[in-house]
Amino acid sequence: MTHFVHFSLNMVVSNYKIATMLLYAVLALQFFHTPTVSELVQEQPLILKYHNGQLLKGQITVNLIWYGSFTPIQRSIIVDFINSLSYSSSPLPSASSWWKTTEKYKGGSSVLVVGKQFLHPAYTLGKNLGGKDLLALASKFNQLSSITVVLTAKDVAVEGFCVSRCGTHGSTRNVNGKLRSAYIWVGNSETQCPGQCAWPFHQPLYGPQTPPLVAPNGDVGVDGIIINLATLLAGTVTNPFNNGYFQGPATAPLEAVTACTGVFGTGSYPGYPGRVIVDKVTGASFNAHGANGRRFLLPAMWDPQTQSCKTLV
C-alpha cells in the first residue's frame, strides 16, 4: 500500500526540519528494501484436491451420438482419436502417453473403448437445443462404466454454446434414480465461434492476436472438437460426479485439463499455445501421434505427482 503525506498551505516548516526529513528519507531508502514485482507475486503450486468421490477407472465404454450432419471422414477422425488414447503403438509423443497421466490419479488406469454409435441426422429435436435436450440424448445409453458422448454438428445451436462454454460433462440417472452414468457434450464451432472454441486453429476472439495454427486433420471444427473432447474426457474420468479431483467450487470446478487452459507446449503464454511440432510439408501443428497415422493437438494436463501442468512437447 502506498501512503501519501499531505501538507497544508499554512504549515511553516523550518529549513532544519526539511533537512531532517530528507535525511530520514535517505536512511529509509538505504535500510528498507522495496520488494520487486517477482518477489511480491510468487507462483503458488496448482493443487487439484481429491474430494473422495468415485472416479471412472478400468475399462470404460464410450458411446457416441452424432446429432446432425457429420461426414464419414469427420466421424473417423474423432473415433480414431478416442481409440488413440489406448493405442500404445503410436510413435512418441503420442495420444496414449498423454492419456497415461490420468493413471496418476487415484485408482489406476482408465481404458477407453468405443462402443455403440447412433447417427441422428434428422434433427428431430430441432437445431436449437437446451440442456434438457442434451440430457434426453445422453440418456439413450444408460449403463455402468460408460461415457455417452453427444456431438452436435456445426449448424446446431446449443444453450450456452459460444457464450460460456464449448462443451460440458455431467451425469444422468436411470429410471430408478440409482445408477449414474457420465456424459459429455461437445459442439462443432466451425461456423459459430471458432475463435473461442477452435483456438489455436482460428484467430482468437479476444486477447493477443497471434497467427492461427494449421489444423492437423485439415478440419478446424473437428480439430477443435478434439481439443474440447480431450479436455472433457480427462475431466470426466477424474471428476465424473462432482466429487473427484478439482479446485474451486463444484459448480464451476477447475479440472484435470481446464486447470491448464491455453497450454499446448512449453513456453506458452496468453495468446500463444507454446512450442509444438510442425509438419514440414503441410505446415500442420500437432503434439501427439495417434492410431491410423493420425495427428492431434492435445492440451496440457495437470500431473498429480508434480502438481503442475504437463505438456507432451
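**Reading a predicted fold, feature by feature**

Tutor: Let's start inside: the largest cavity holds about 50 Å³ of space. The model is predicted, with pLDDT of at least 70 needed for local features and 80 or more for side-chain atom pairs, while totals for chains, interfaces and linings use all residues. Residue numbers run from 1 along each chain as its sequence is written, and side-chain values use heavy atoms, leaving out hydrogens and water.

Student: What counts as a cavity, and how many cavities of 30 Å³ or more are there?

Tutor: On a 1 Å grid over the protein atoms alone, a cavity is a set of points where a 1.4 Å probe fits but cannot get out; a pocket is an open set with protein on both sides within 12 Å along at least five of seven lines, and lining residues have an atom within 4 Å of a point. Points are joined across faces, edges and corners, and volume is the space filled by probe spheres set on them. Here the count is 1 cavity of 30 Å³ or more.

Student: Which residues line the largest cavity?

Tutor: Look for Ser 97, Trp 98, Thr 101, Met 301, Lys 310, Thr 311 and Leu 312. Their classes split into 3 nonpolar, 3 polar and 1 charged. Ala, Val, Leu, Ile, Met, Phe, Trp, Tyr, Cys and Pro count as nonpolar, Asp, Glu, Lys and Arg as charged, and the others, Gly among them, as polar.

Student: And how much space lies in the largest pocket?

Tutor: About 980 Å³. Of its 36 lining residues, Cys 166, Gln 196, Asn 228, Thr 258 and Thr 261 are the closest to the centre. The lining has 20 nonpolar, 14 polar and 2 charged residues.

Student: Which element gives the most to that pocket's lining?

Tutor: Helix α7 does, with 5 residues. β7, α6 (194-197) and α7 each supply at least two. By the way, helices (H or I, at least four residues) and strands (E, at least two) are DSSP runs, numbered from the N terminus.

Student: How do I read α7 itself, and what span does it reach?

Tutor: An expected span is 1.5 Å times one less than the number of residues. Helix α7 covers residues 220-238, has 19 residues, and reaches 28 Å from first C-alpha to last, close to the expected 27 Å.

Student: How many residues of α7 are buried?

Tutor: 18 of its 19. Buried means under 20% relative accessible area, exposed over 50%, and partly exposed in between (1.4 Å probe, protein chains only). Strand β8 (residues 180-187) has 7 of its 8 residues buried, so the rest of the structure largely encloses β8.

Student: Which way does β8 run relative to β5, parallel or antiparallel?

Tutor: Strands pair if DSSP finds at least two bridges between them. β5 (residues 146-152) runs parallel to β8, joined by 6 bridges, and Val 149 has Ile 184 as its bridge partner in β8. β7 (residues 167-173) pairs with β8 in the antiparallel sense over 7 bridges, with Gly 170 partnered by Tyr 183.

Student: What does Ser 96 touch with its side chain?

Tutor: A polar contact is a pair of N or O atoms within 3.5 Å; within protein, one must be able to donate a hydrogen and the other to accept it, and residues adjacent in sequence count only if both atoms are side-chain atoms. The side chains of Ser 96 and Ser 94 make one at 3.1 Å. Ser 96 sits in helix α4 (residues 95-99) and is buried, at 10% relative accessible area.

Student: Is Tyr 123, with its positive phi, buried or exposed?

Tutor: Tyr 123, with phi near 55°, is buried at 16% relative accessible area. Asn 242 has a positive phi of about 65°, lies in the loop between α7 and β9 (245-246), and is partly exposed at 43%.
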